[in-house]
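Come and read along with me.

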Amino acid sequence: MLNRRSLLASGAALLAAPSIVKAQTVVGVTSEEIKIGSIMPYSGPASAYGAIGRLQQAFFKGVNEAGGISGRRINFLSLDDGYQPPKTVEQTRRLVEQDRVAFLFNTLGTPGNTAIQRYVNQRKVPHLFLATGADKWADPQNFPWTIGYQPSYRTEAQIFTKYMLENDRNAKLGILYQNDDFGKDYIAGVRDVLGARFDAVVKTVSYEVTDATIDSQVVQLHGSGVDCLLTAATPKFAAQTIRKVHDIGWRPKMHFLTDVSISVGSVMNPAGPEKGVGILTAAYLKEPTDPTWQADPGMQEWRAWMVKHMPDADQTDGNFVYSYGVSKCLMQVLTQCNGDFSRENVMKQATSLNNVAIPTLINGITVGTSASNFHPIRKMQLAKWDGKTWERFGGLIEGANV
Amino acid sequence: MNGFLHQVIAGIATGGIYASVALALVMIYQATHHVNFAQGEMATFSTYIALTLVNAGWPFWLAFLATVAISFCLGVMIERVLMRPVANASVLTHVGVFIGLVLVVSNLTGWVFDYTVKPFPTPFHDGPLLGGLISGHELGSTAVTLVVLGLVFLFFRYTRLGLAMRAAAYNPASARLVGVRVGWMLALGWGLAAAIGAIAGIMVAPVVFLEPNMMLGILLYAFAGALLGGIDNPGGAVIGGFAVGVIENLGGTYIVGTELKLTLALVIIIGVLLVRPAGLFGRVVLSRV
């Protein structure tokens, strides 16, 4: 019978419930399992990246079959956001509030992660090794629970600028950039290295994603007298740039291309492979089609893993190389946790990685983090387009210290 | 000075893209008195059909004609299936259908043909001309745009069918009374607009590369060009398209910088429309009530 007393009692029980759960144990961790959440674009325009999530599901399944970590199995929940930020927010709330995961791992995409960064930091949920190249994930003062993974666009721009100055102290650089966070990271990186000389050395020109072509911008840069070019553009516009630069007879001394747009299939070949000869980019992963890695132990480990756990997957897809590496990196964090999977300790261990070797990173590049360094990978090697493939050359170059 | 000339030529080349899409907008407006927001997405879908045929080994111009014919049929079908049931509904309903069509066609394109950027072949000489400022393709496609413009003009001006279509759009009730089959005129208008859109897509794709969102920005500029020149005047719309291309280049380079060049182009258009609401070459329609 419903009366005032029973109503009060059940109300009190409801109010007390959350605190019981909280007091019970560390969030997302029981004596048998640890719950990890992730968000991937399994559908929609960026669905090619879904490969990353598929490998991770197979990876943690493999970990569980081999006995799990510290006596616990990994319950890996990887949800689809279709690369739409509102969906990312919805799925994140589900993972954090309903599934109550211990932490988030490798959530993909700059717009989606931007949408959830404040929320997960307010909730103090570790937001580890995001799959995006934006530089803003390294902001321990304001967002101590978020940390990136791959070299940021800004680091890449620093490396390009260092290389340019090494080869020609008096070079003048033109930057063609997409007018958003992605493009502006490159300007910031060049500025990091040039400092006060920036305005004297650099000419920047922007384009909008709604522009039909970048012809006007290329003509403008060419006319401004710069002799080197940095193209921070998404694939379609990068292909247009490569073609236009070639067609107007401009031969920049050095033409740097963001590693977002180095796909042979969707940039170099559409632009005309011969038109891009000599273009430079930077790499940190071992490219699965590069024959020089054929006998490399790291890549052999990856291939053996692929054959065993994902026999039907396409081994020329670089997403699998990336995903395997970042998953190994997470395992290092979990091993360092040594059984204490509280959110504080997970974050502490993720930011105390000491030169961790990852089999799929170019030899010599390691993962290193500290309480003040939220840039796990800071070195890259340059590569040159020879008309057929990207050929690596020279030593490793490290980003600037800012 | 050299830079100025280069910007003008590059602007004309880009303007040619806007002009070809603007023509498709004029077509649908003449036939239905609506502007179809999904025009760009439909054109992109048609372009993928053309690419599929070319990749299957068809000669370019045969694939071109087949695509135009297929697009015409698709356009008629869309009108019959989607627009017909809401023919008497308010304008807002139509806008809703157009927006839905944008989403459906765009996602369908991505789902069927995937999202990677693809090169598209050109039937014209593909080398750079004038020191790379314009390519053989850009000249060829401008010629194609002018031919289409001529055909559209002749069609509306000198054929009975064209006259009937205009009548059906301007005054459906009277047109029906004099024996014009208004419903079929609308379907025909959709078909022709889709066909012209397909031509525009095929001409644009070699320049900007083919991907599902190819027309996203272009449609905006084309719309601006059509309004500038007068959306009921095919010639005016083409000139408007070229003008927008040149204005945005010169404005972006010399006046406001690249960040504001779209804004500048739109401000100029609003300015023109304030003075001449029907566009530079549009006819002012007076209706007696």
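**Ground rules.** I began with the polar contact, which is a pair of N or O atoms within 3.5 Å; within protein, one must be able to donate a hydrogen and the other to accept it, and residues adjacent in sequence count only if both atoms are side-chain atoms. I noted that this is a predicted model, where local features need pLDDT of at least 70, side-chain atom pairs count only at pLDDT 80 or more, and totals for chains, interfaces and linings use all residues. I also noted that residues are numbered from 1 along each chain as its sequence is written, that chains are lettered from A in the order in which they are written, and that side-chain values use heavy atoms, with hydrogens and water left out.

How many residues of domain 1 of chain A are in contact with domain 2 of chain A? I found seven, and they meet six residues of domain 2; contact means heavy atoms within 4.5 Å.

Next I checked buried area (the accessible area, with a 1.4 Å probe, that two parts lose on being put together, summed over both). Between domain 1 and domain 2 of chain A I read about 570 Å², with carbon and sulfur atoms giving 49%. On the domain 1 side, G133(A), D135(A) and P151(A) lose the most area, together 63% of what that side buries.

The side chains of K136(A) and D181(A) form a salt bridge, at 2.9 Å from N to O.

**Entry 1: chain B against chain A.** I turned to the two chains and found 32 residues from chain B and 28 residues from chain A in the contact. Together the chains bury about 2,400 Å², 54% of it on carbon and sulfur atoms.

Which residue of chain B forms a salt bridge with D211(A)? I found K261(B), with the closest N and O atoms 3.7 Å apart. The count between the two chains is two salt bridges. Across this interface I also noted 10 residue pairs in polar contact, both residues at pLDDT 80 or more.

Note on methods: Salt bridge = Lys/Arg side-chain N within 4 Å of Asp/Glu carboxyl O.
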